[in-house]
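Visitor: I have a model open and a few things to ask about it. Can we go through them one by one?

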Amino acid sequence: MSARVDRGPGRHSDRDGPRENRTVERLKRELERLREEVAERDRQIGKQQERIADLERQLAARQRNSTNSSKPPSSDGLAGKQRRRCSLRKKSGRKPGGQPGHAGHERPRVETPDRMEEVLPQQCKHCGTALPQAPAERQTDGAVFRRQIVDLPEAILPVVTEYQYPKLMCPCCQKETRATLRPEHEHEIGERLTGVISYLIAVRKMTRRDVHATMRDLFGVDISVGSVQKAWEETSAAVQSPYEELEQALPTEPVVNSDETGSRTNGDKRWVWVLCSPWFVFYHIASSRGVEVLVQLLGEAFAGILCSDRCPTYLSYHRGLAQFCWAHLQRTLNGIKELASTADAVHFARDMLSAVERLFALWYRFRGEAGAGERLLSRTELIQQSIPIQKRICRLAARYLDSDDREVRNLARAFYEHRDKLFTFLEHEGVEPTNNFPERSLRLFVLIRKITYGNRSANGEVALARLLTVTQTCKLQQRSLLGYLLTAVYRHRRRQPAPSLRPH
């Protein structure tokens with residue numbers, strides 16, 4: 001008999017090898033399946049994270065408005081909750097309306113009214129005795145109570161003047177002669193009506209058809225829409241000279257604020273520029289938002305101080321003294337604060353806004369707008385006390401230059417790289433810390449744009465720019481706009497120069 005070999009413990013038969021191999025293969029397949037499941041889960045998580053990030057961007061975009069971004073107030077709309085308006089100025093705590101001690105303003109009494117009527121009591125309010133009504137019988141006592149009521153006449157009728165040009169017979173040669181038509185008689189619409197039409201369009205933002213209906217319904221003047229447009233164009237020609245005078249004055253101004261917004265002319269893109277000096281407002285409509293427009297209006301190099309937002313056009317054009325708009329910067333900081341998703345955003349916005357608040361507290365003390373009991377600061381004190389705050393703002397900007405939060409990093413870089421354009425208003429007279437003046441001036445055009453949907457021709461662009469310039473300049477100088485337009489049209493029809501828009 002053959003001897004049986006004992007393999008001992010831990011030894012396996014040959015049959016065990018294939019079984020182990022199958023187990024290993026099964027485990028490998030299971031591991032591969034799990035890896036594929038994990039990879040698929042990772043892909044799904046990545047897609048979900050992308051979707052979440054996209055939804056967060058959409059939500060942030062919906063939450064942005066004119067108080068926390070550079071969006072214009074006209075884009076806020078009326079839907080949703082009321083936006084909390086932000087201001088660099090602290091609340092005074094006073095109730096709205098007239099304050100104690102404020103002198104009221106009433107309509108002045110007319111010394112010679114057009115019509116007077118007596119209102120007499122019929123009987124004594126004490127004993128009931130009938131009171132005499134005839135002037136010779138009645139007896140008065142004390143001052144007369146007067147109540148003046150202003151109203152319109154029953155019919156506001158137009159004044160039609162006919163200028164007749166008869167032919168006169170010469171007693172010598174027996175030939176006829178008619179006087180040459182005077183320039184002021186070439187138009188069938190009078191000077192006052194022409195000026196009023198332009199006033200209604202430029203100031204009251206009426207369409208041509210609205211003006212046509214107003215003239216017919218209120219004044220009984222039946223003129224066509226085409227005649228309304230001709231009156232507008234004639235007024236534009238009447239103010240051409242003063243408009244060009246302001247354009248020539250732009251490069252010599254010590255301080256100019258500038259802004260721009262989009263427009264359309266027959267569907268083509270245009271840009272409406274507004275440049276403001278302390279004594280006039282100038283509008284210009286161009287097909288570009290580029291540097292060439294500033295070169296055309298301000299020259300190759302502007303010697304004054306240019307105040308604007310952070311549009312790259314101004315950075316490319318101007319190398320001299322400049323002032324960036326702090327209102328834009330503050331709104332961006334508020335947007336970062338309200339929509340903060342990182343620690344950097346929270347800390348950067350909080351610390352910057354605190355420094356900005358301290359800076360403008362000094363500014364309002366310098367301007368005398370800080371409130372009762374606050375001592376006014378001189379220019380020297382303003383500069384000296386603001387230096388630590390300026391350094392604080394620059395240090396904060398430098399600290400967040402490499403932040404992982406893109407919005408924080410971009411704004412910190414803007415603060416740091418353009419720090420020389422942030423504090424010009426502290427040292428130079430006539431420089432404001434915000435660009436609110438031209439922004440308010442653009443609102444008039446924005447309202448007209450919403451009503452008319454833009455211009456239809458190059459002549460329409462020129463007319464709109466000229467009339468808006470006259471409108472806002474007269475408002476700034478507290479001049480009568482209607483009176484200026486009437487004088488300009490009057491002189492234009494008599495081939496005389498238009499009145500200057502320079503302040504008297």
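Visitor: Is Cys311 buried or exposed?
Guide: Cys311 is buried, at a relative accessible area of 10%; buried means under 20%, exposed over 50% and partly exposed in between, with a 1.4 Å probe and protein chains only. This is a predicted model, where local features need pLDDT of at least 70, side-chain atom pairs count only at pLDDT 80 or more, and totals for chains, interfaces and linings use all residues. Residues are numbered from 1 along each chain as its sequence is written, and side-chain values use heavy atoms, with hydrogens and water left out.

Visitor: And Cys307, buried or exposed?
Guide: Cys307 counts as buried because its relative accessibility is 1%.

Visitor: How many disulfides are there?
Guide: Zero, taking a disulfide as a pair of cysteine sulfur atoms within 2.5 Å. For Cys307, the nearest cysteine sulfur is that of Cys325, 9.6 Å away.

Visitor: Switching to the core. Which residues have the most contacts inside the largest one?
Guide: Trp273, Leu298 and Val470, in a nonpolar core of 58 residues. A nonpolar core here is a set of buried Ala, Val, Leu, Ile, Met, Phe, Trp, Tyr and Cys residues joined through side-chain atoms within 4.5 Å. Helix α14 (residues 458-476) gives the most to this core, with seven residues. A second, separate core has 37 residues, including Cys307, Val356, Phe360 and Trp363.

Visitor: What does Leu298 touch?
Guide: Leaving out residues up to four places away in sequence, Leu298 touches Leu250, Pro251, Leu275, Leu306 and Tyr317. Contact means heavy atoms within 4.5 Å.

Visitor: Where is His284?
Guide: In strand β5 (residues 281-286). Helices (H or I, at least four residues) and strands (E, at least two) are DSSP runs, numbered from the N terminus. His284 has 13% relative accessibility, so it counts as buried. Among its contacts beyond four places in sequence are Trp271, Trp273 and Ala465.

Visitor: Now helix packing. At what angle do α8 and α9 cross?
Guide: Roughly 145°, with the axes of α8 (residues 326-338) and α9 (residues 343-367) coming within 9 Å. Axes are lines fitted to C-alpha atoms, for helices over the stretch in contact, and angles run from 0 to 180 degrees between N-to-C directions.

Visitor: And how does α9 pack with α11?
Guide: At about 35°, with the axes of α9 and α11 (residues 406-417) 10 Å apart. Asp344, Ala345, Phe348 and Met352 of α9 meet Val408, Leu411, Ala412 and Phe415 of α11.
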